[in-house]
Amino acid sequence: MEALVGGTPLNLGGIRQQTVLAALLLDVNRVVSVDRLVRALYEEAPPATSRAQLQISVSALRRLFAAHGLSDVITTHPQGYMVKAADDQLDLLQARGLLGRARTLRDQGRKAEAAGLFRQALGLRRGDALGGLPSEVIRSAAGQLTEQWAGATEECIQLELALGGHSALVGELLGLVEEFPLRERMRGQLMLALYRSGRQAEALRVYRDTRQWMIDELGVEPDPRLQRLEHAILATDPGLDLPDTRPEAAPAVPAAAPLAAVPGTAPVAAPVVVPEMLPADLADFTGREDLLAGLRERLLLSSHEQSRLAVPIVSVVGKAGVGKTAVAVHAAHQIAAEFPGGQLFADLHGGAPDMVGPAQVLERFLRALGVNGTAIPDGLEERAEMYRALLAERRVLIVLDNAATESQITPLLPGKPTSAVIVTSRRHIGSLAGAVRVDVPTFAAEQSAELLGRIAGPERVAAEPEAAKALAELCDHLPLALRIAGARLAARPHWEVTELVERLEDETRRLDELKYADVGIRAGLSLTYDSVSPDARRLLRRIALVDEGPFSAWVGMALLDLPEYQVQDLIDELSDAQLLDAVGTAPGRHTQYRLHNLIRVFARERLAEEESVEEREAALARVLGCFLHLLIEARQREYGRDVLIRGRGTALHPLPARTVDRLLAEPLSWFARERPMLVPRVRQAATMGLTAHCWELAVTAVTFLETHGRLDDWRDTHELALAAARKGGDRLGQAAALHSLGSLALTRQNFAAAEERFRQAAGIFTDLGDDLGSALTARGLGYLARVDGRIDEATGHYQAALTVLRASGGSVAVAYVLHNLAQLKLGEGDEDGAGALLDEALRLSREGRGRRVEAQVLHRMGQSHLERGGYDKALEAFSRALDVVRLIGDHTGEIYALHGIGSARHRLGETGEAAHALHRALLLAEGSNERLIMGRILVTLGELALGTGEADLAVEHLRRARLVFRLMRTPAEEARTLDLLRTARLAAGPPDSADPG
């Protein structure tokens, strides 16, 4: 789902806001009830605050639209809300309007016009409708839209088959049958299209495959209509053929047809000459079926439209070596028969020193069209006029290869739409009016293996499949690189594929190895590299410093130390030149980019050649300082006024405040995008000897990693940081890393390892006189003592931490300690004391904007209410905690909140609702291996089963819980569980003799 204002995509917010907007758009211009919207958001288990959350989402959407001058998009009604939109404002309405007009034209017998409108409507589909939204309500409605699209596609194809477009439809129908395997009408249309294209055997194979698939998967025979079609194809039934309505073939240009007079020259006569300038097609051309089908459709359908005034132009775009020329030439050969006036071809050498000008090309084209050399004018404009006059009554296909600029192409375009043009270029020439862009991607793995097999021999590829796969990846699945690799293997039959793989694994030699005869990868990349500006080249080189995974525009700002708008312009320039690819779906400033492998290798070569070691290290240090700066800011914005161990004088590279505000509008989303670069940057900082950057990046990212459940990244970054700190003699860094590794062990519920790490860190913090570090370590030791039942020791640790943390001003850190102290008081039966601590903790967490700790405090409040019998208040507190943790994406917090809700509903006698919440919590806990809460959930399920008289089920749950607590070495939890287990066994009666006890 996407919303644009003036062509600019809007950030629609999180999943909740997107779901609300999607539900309103599906019933556009109609009131959608509050109940339906709540059901779309929460399905069958809405929280108590569901309506309030809905209002928050609607308000956020209204503010978003109002900020862009659209204040009345969403209106409120007594029963719910409504989105108002005109037909041209929503692609769904636009598609419905186009389909209605298409069907009217079809019924009037105006089939060609109807097919054109059908294609316009169908072209509005950009993938699965509303993909990515988890709501069952939305998915159901989206499925209906897909069904409508498929039905309209069948109607359109039926029309186009009647119009004689069978050859162009085969590729599209193959893809449709794969996407919609149950639609027999599409399979019949594919059979008919193949038959009319002279491919009778393939048409019959489609029927056989269909029949076998339906019997195997569904246990039924194909529809009788499909069976009758098969019989007709077997019998070569004339009724399947189209009537021959084409005009008799006529000379492309009448003999001695006069050319348009060129000022200052006499009219000359042109002989009837049909040029055939296309290069030879590739015998081993591989794949690209869908791309070729689309290209043929755009050229042939457009050129058949008599009412069309513009020349059909297809711009084939892709990076160096991706096979643009091969695609264009192959497509041209496929449709050459549709252009009886001939085919013209020119390599324009765009961007090269020997770039060909349009005047030179026109001279060649005019000679090919039969104009005597002495009759060819000298001037560019006069040549272009003669050229257009010659093409006026012909249907000619023109292929212009390797174009660089509009000025190269414009004089070579015909004047009338009877002809068509294919342009290939490394960048889309956006100023070329009416050109339809077709992007040529790199190969998929299967296509790469197929091409290698065709060149080097299928038996060699089959003999070493893993080596062939590695070879394709080292070639970046780039057809030119694959051809070179295949040619080298073919020329050396004694080589194993593995040998070439080993050669290419050396990045310093990879581009040298990817050269055969006079063909190489480096030359094409150099040509593209030289065509961009000096600053763009500098950015490309320096991106190679941070090339592991995708990167954002802010990285470019740090690499070049330039403002945002300048860097974005350079990124756009590199993207246009196919040297940089956008990845993911994040819009605007959140878009990320990456280099393909071979371009990265090339950029590293240029970096080593053109920049000094000092320049490289300074650029990378700015990136590390910028990343740390953004991490610190994001942590404060998401987790509030918490405390953080910082190095002394670590160099940061701050970005402008406005840029930071835009980047970190949603800190969790920002971190999710940037997380893949965390481990590589920590490793780089360690390698460069920037020890403080290394451990501070690791420590600052911890809370985000914990929220997202990225425990392996937590471990990897901190092991690197600890090693770097020890190597650099940075004792503060060692203590910070050890403390954080203790927290990781605590999260993994490996309490023995956690205590060891905490005590190692405490010793260093004490030696350094670092009170804050000592307090944070004491907080961790207090938790371990509490879980182990050492209440006095836990209280001492927490009180020591509290004194320092209050003085530090870290209100969120104070709130965390207070709610743990409250738990101790609850255990002692001091409910009033616990309540006072929790009230203060809730106030401090909200003042410090620490939503994660706020959720923990609310959970603790819920426990307090449970202990005192206030089950309604407990349910309210747990529900509020659930809202918070879901808002911030805290999956562990969600498990605890659901357990609390299940416990409260159990006490309230709401057995079914309690079981639902508890089983959902157990599923999440098992999925994330949260063993402590898993054991507690099992205990509550055991209590629930006892209450409903299911004693055997209670025994099963409680035995699992006891095993969990025993493995975790938590004796207090195990003892309580054992007492309940004895009760359950008594209720279940005498044990079975096979019961191991």
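Tutor: Buried means under 20% relative accessible area, exposed means over 50%, and partly exposed lies in between (1.4 Å probe, protein chains only). This is a predicted model: local features need pLDDT of at least 70, side-chain atom pairs count only at pLDDT 80 or more, and totals for chains, interfaces and linings use all residues. Residues are numbered from 1 along each chain as its sequence is written, and side-chain values use heavy atoms, with hydrogens and water left out.

Student: Is Glu793 buried or partly exposed?
Tutor: Its relative accessible area is 30%.

Student: Which residue meets Glu793 in a salt bridge?
Tutor: A salt bridge is a side-chain nitrogen of Lys or Arg within 4 Å of a carboxyl oxygen of Asp or Glu. Side chains of opposite charge can pair when their charged atoms come close. Here the N to O distance is 3.6 Å, and the partner of Glu793 is Arg759.

Student: How many residues apart in sequence are the parts that this pair ties together?
Tutor: Helices (H or I, at least four residues) and strands (E, at least two) are DSSP runs, numbered from the N terminus. Glu793 lies in helix α37 (residues 791-808) and Arg759 in helix α35 (residues 751-768). The pair therefore ties together parts whose separation in sequence is 34 residues.

Student: Which residue forms a salt bridge with Glu155?
Tutor: The N to O distance is 2.7 Å, and the partner sits in helix α4 (residues 91-107), while Glu155 is in helix α6 (residues 136-162). Glu155 counts as buried because its relative accessibility is 17%.

Student: How many salt bridges does the rule count?
Tutor: One of the networks links Arg541, Arg542, Arg606, Glu610 and Glu611. Asp439 also forms a salt bridge with Arg437, at 2.9 Å between the closest N and O atoms. By this rule the count of salt bridges is 56.

Student: How many disulfides are there?
Tutor: A disulfide is a pair of cysteine sulfur atoms within 2.5 Å. The sulfur of Cys626 is 18 Å from the closest cysteine sulfur, in Cys694, so that is too far for a bond. Cys626 is also buried, with a relative accessible area of 0%. The count of disulfides is zero.

Student: What should helix α5 span?
Tutor: The expected span of a helix is 1.5 Å times one less than its number of residues. Helix α5 (residues 111-122) has twelve residues.
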